[in-house]
Amino acid sequence: VSRWRIACQEQLLPGSTLLDKWTFAEKAGFDGIELRARGDFGFEARLPELREARAYAVSMPSECVEMSHFIGAFDEALRKDAVRQVASQISVMAAIGGEVAVTPAAYGMFSRRLPPFEPPRGPEDDRQVLLDSLGELGEHARAEGVAICLEPLNRYEDHMVNTLDAAAQLCRDLDLPSVRVAADTYHMNIEEADPAAALLGVSAWLGHVQLSDSNRLEPGAGHVDWALLLAALDAAHYDGWLALECRLSGPPEVALPAAVSRLRQASR
Amino acid sequence: VSTARRAAVQPAGGQVEPDTVRLRRHAVATLLANWRGSSTVPTAALYPHQWSWDSAFVSVGWAHVSTRRAWQELRSLFGGQWRDGRLPHIVYNRSVPEDAYFPGPPFWRPLPPDGPSGGPTPGVATSGLVQPPVHALAALAIADRCPGGAAPDDVRHLYPRLAAYHDYLFECRVVRHGLIATVHPWETGRDNSPAWDDALAAVPADTDGVAAMRRDLRHSGRAHRPTDVDYARYVHIAATYRDRGYLDESLGSLPFCVVDPMFNALLVASELALAEVADRLEMTAHRHRERAHALSAAMQQHLFDSALGLFVSVDARRWRPRRVRTVGGLVPLLLPDLDGGQRRALLSTLVGPAFRVGSAIGRGVPSYDLTAPDLDVHRYWRGPSWVSTSWLVWRGLRQCGETELAALLSRSVVDLVARAGFREYFHPSTGEGLGARDFSWSAALVLDLLRARSAEEEARPR
């Protein structure tokens, strides 16, 4: 019998300061807050705020990038900046005792399902670019004692890494313990033929899990089989965090405690 | 990288056994790996389709993982049900090559057409035989795991289908004294059990070409499986039934017609489970209870062998009992109104030298009498212990209030899989794993045993 560690992304929590948000989050049944990390070293600029929150024992195990360009950018200058930003975000997490930094290969840059359908760069070059970016970030993350987790997005949001197995393949190629897979149940619902089996299949590389229901709302508001997913994570020996990254079907005061409760019930 | 562990919650009055946690995870992983989108294969290579009683057992395990999947397992099986109520023992996965398993879909053709003659839905490939009716027991077990009671949609969907299957058995398979007959060893679920050696001896065995048809030997050792002579007889019996259009008139003229105490006991138990389901749906349960009690009484009157101390099968063609001790004769422990003398005799047989349940050297419930001269400890149902039948005896013991013996049996089964893995069957003395690996019902039913054990630990006063 295990108790999952469940976090909630900060923008979903009511309150003007991290301490306010944490007070609400704890009451709602959460164990931590997942931070959102902006570019232009905006995350690093929050260090005093984050340190203060930490002093008040706010639990902040993970962060997720919130930028306009990414580590798989077509444009080399943007890619290099994204790597610099994520490296800085990893260092911030290390400074506040965090465990995980999350990034997709790219978001909103290209989809093979939307015109013009053929990306300007081929799959082999995509792979090389991602190996370069993740290799550099992985070494940095290892030195900082943090994991950098690559999050597959669905086919409409990214064309490079859509499935857990595709992300795990990059991890296998790099073979750095600090480079891992972040599974997001919303994208999995679209991309994985059998989400539970997919989690089991990447168990060796799984570093983070983000929760959202099939419709991008909080767990319980869609049709994901939470009992099955949590059992699969347990069977995969996953002992990391589950972080809510979603929209809410109603006021946070109602939707968030209900979501946590459903998840706890589903893992009974 | 995080090394933090999730906090283990200590159950009241007990400790988390690390092996139990590991075993549970391994069991769930086994079920997840054997899932095929709408149902679970018994094991990946040897049995690539959906089997009827396997699915019922597997759904009991799924109920501890995801009740949604548990219902889906049963609903997809009943998607292969024939119009006459018969629930086929195999529902084929059409995306698997037809020659991957023998007998494949072509063997059973022509199936009767859908409609008054009673076949399956067009386009669904099935066999024409049945398997032991454990499905209502499973449905009730799943309903009990659903938060807030039964899931009415699934229960409402399954109830008439379960009832139709039971109706088919009670109406079309009835022989003397109201007892229910099986027309093929495959229908008993225990293909080569010594319980039908006599009945089978009269069946022609043309072994020409049998070895080439078999697919099981590609995945399992010859010494651990039924023989070519067995298979030749299985094929003859099934082909005869098929060529008669799967008609159940004059059952005694079929090459094989046997009353199996396990099949009958499971029908009693399932019929009572169905009565409980009907109660929950506020439907009339009277006929289910009436049929269950009549069948139970007939079993106790006509199938009990007091000298052997257990129930025996009867060759219904000549009405001759087969006087051997097999695990099938112990499953009537599940009968709710079992005569006190018969219950004591069964318990004494169970703990005696023939089965050794409860002793330090117990290894589940052996499928056949350990003292029999023709015991074959490696060969399928002629000696090895199986998780499914051990689980049925365990349920029977709990039903009789024999909780201590039940706990010992449960522990011995858990020990078997902890040492040998989720194998298909096990050497009844050494516990060596035999047959297929990653076997679904072994995983599913061990999940159920572990859950019952932790529930008991939680219930125990501090």
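The structure holds five cavities of 30 Å³ or more. A cavity here is a set of points on a 1 Å grid over the protein atoms alone where a 1.4 Å probe fits but cannot get out. This is a predicted model, where local features need pLDDT of at least 70, side-chain atom pairs count only at pLDDT 80 or more, and totals for chains, interfaces and linings use all residues. Residues are numbered from 1 along each chain as its sequence is written, chains are lettered from A and ligands numbered from 1 in the order in which they are written, and side-chain values use heavy atoms, with hydrogens and water left out.

**Exercise 1.** Find the volume and lining of the largest cavity.

*Solution.* Start with the space: about 230 Å³. (A volume is the space filled by probe spheres set on the points, which are joined across faces, edges and corners.) Next, the lining, meaning residues with an atom within 4 Å of a point: there are 22, and the closest to the centre are Tyr47(B), Trp51(B), Gln131(B), Asp191(B) and Tyr380(B). Finally, sort the lining: 15 nonpolar, three polar and four charged. (Ala, Val, Leu, Ile, Met, Phe, Trp, Tyr, Cys and Pro count as nonpolar, Asp, Glu, Lys and Arg as charged, and the others, Gly among them, as polar.)

**Exercise 2.** Work out which element gives the largest share of the lining of the largest pocket.

*Solution.* A pocket is an open set with protein on both sides within 12 Å along at least five of seven lines. The largest one holds about 1,100 Å³. Of its 42 lining residues, Ala227(A), Ala266(A), Ser267(A), Arg268(A) and Val65(B) sit closest to the centre. Now look at the elements (helices are DSSP runs of H or I, at least four residues, and strands runs of E, at least two, numbered from the N terminus).

**Exercise 3.** Describe how α3(B) and α5(B) pack.

*Solution.* Helix α3 (residues 67-78) and helix α5 (residues 135-145) of chain B pack at about 155°, axes 10 Å apart. (Axes are lines fitted to C-alpha atoms, for helices over the stretch in contact, and angles run from 0 to 180 degrees between N-to-C directions.) That makes α3(B) roughly antiparallel to α5(B), a label for angles over 145 degrees.

**Exercise 4.** Track down two cis peptide bonds in chain B.

*Solution.* Phe102(B) to Pro103(B) is cis, with omega near 0°; Pro103(B) is in the loop between β2 (90-91) and α4 (105-108) of chain B. Arg109(B) and Pro110(B) are also joined by a cis bond, omega about 0°, and Pro110(B) lies in the loop between α4 and α5 of chain B. Most peptide bonds are trans.

Note on methods. Angles under 35 degrees count as roughly parallel, over 145 as roughly antiparallel, 65 to 115 as roughly perpendicular and the rest as oblique.
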